[in-house]
Amino acid sequence: SAATYLYASVDELERARKMGKHALQLAERLGAEAAQCRALAALALVDEQAKDYRVAEGWRKRQLDVCSRAGDRIFSANAALGLGKAAAGQGRHAQALARAEQALAGFRESGFEAGGHSARLAIADNLIALRRQPERARALLQEAAAFYRRENAAQGQAEAEFALARLAEQH
């Protein structure tokens with residue numbers, strides 16, 4: 001799975017997909033649910049990056065099932081967040097919002113702060129798309145931007161600030 005993430009990070013998506021499928025097949029042969037969980041997450045990430053949300057959604061459904069069985073709460077929350085991203089990518093923002101809320105709850109239960117802020121960004125993005133609860137969206141985005149600023153996470157900070165600008169254009 002690590003190789004899959006590395007290849008995906010440099011946009012070598014076909015190579016990343018090939019490595020991810022190989023890792024998944026090996027984990028399945030060994031019956032290693034934790035490894036399957038991570039391999040499915042990596043494969044979904046590749047298809048999300050390729051903006052093939054229908055395929056990514058299939059991987060994320062499998063990830064949620066396998067990670068839940070493996071007892072991995074963080075990767076289960078990650079699967080819920082990915083399902084939300086896939087739904088949003090297909091224009092199903094109400095469903096995406098519900099999945100992002102589910103992910104936030106899972107990350108909170110796990111104590112995974114960075115994941116929680118990713119979920120907050122997704123919740124806010126979907127609230128903006130649905131034109132609902134602008135004050136809540138603003139608060140979530142401001143909280144996420146502050147976290148990313150403290151962590152020197154430029155990408156996350158930029159995403160939060162871009163979403164804040166989109167929100168300001170609506171109102």
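The model is predicted, so local features need pLDDT of at least 70, side-chain atom pairs count only at pLDDT 80 or more, and totals for chains, interfaces and linings use all residues. Residues are numbered from 1 along each chain as its sequence is written, and side-chain values use heavy atoms, without hydrogens and water.

**Helix pairs**

Helices are DSSP runs (H or I, at least four residues), numbered from the N terminus. Two packed helices are described by the angle between their axes and the distance between the axes. Axes are lines fitted to C-alpha atoms over the stretch in contact, and angles run from 0 to 180 degrees between N-to-C directions.

| Pair | Axes come within | Crossing angle |
|---|---|---|
| H4 (residues 53–70) and H5 (residues 73–89) | 8 Å | roughly 160° |
| H7 and H9 | 10 Å | roughly 20° |

H7 is therefore roughly parallel to H9 (angles under 35 degrees). H4 and H5 are therefore roughly antiparallel (over 145 degrees).

Contact means heavy atoms within 4.5 Å. In H7, Leu-121, Asp-125 and Ile-128 meet H9 residues, including Glu-159 and Arg-166. H4 residues that meet H5 include Tyr-53 and Leu-64.

**Largest pocket**

A pocket is an open set of points on a 1 Å grid where a 1.4 Å probe fits, with protein on both sides within 12 Å along at least five of seven lines; lining residues have an atom within 4 Å of a point. The largest pocket has a volume of about 1,300 Å³. Its lining holds 37 residues; Glu-48, Leu-81, Lys-85, Ser-118 and Glu-159 are the closest to its centre. Helices that give two or more residues to this lining include H4, H5, H7 and H9.

How values were computed
Angles under 35 degrees count as roughly parallel, over 145 as roughly antiparallel, 65 to 115 as roughly perpendicular and the rest as oblique. Grid points are joined across faces, edges and corners, and a volume is the space filled by probe spheres set on the points.
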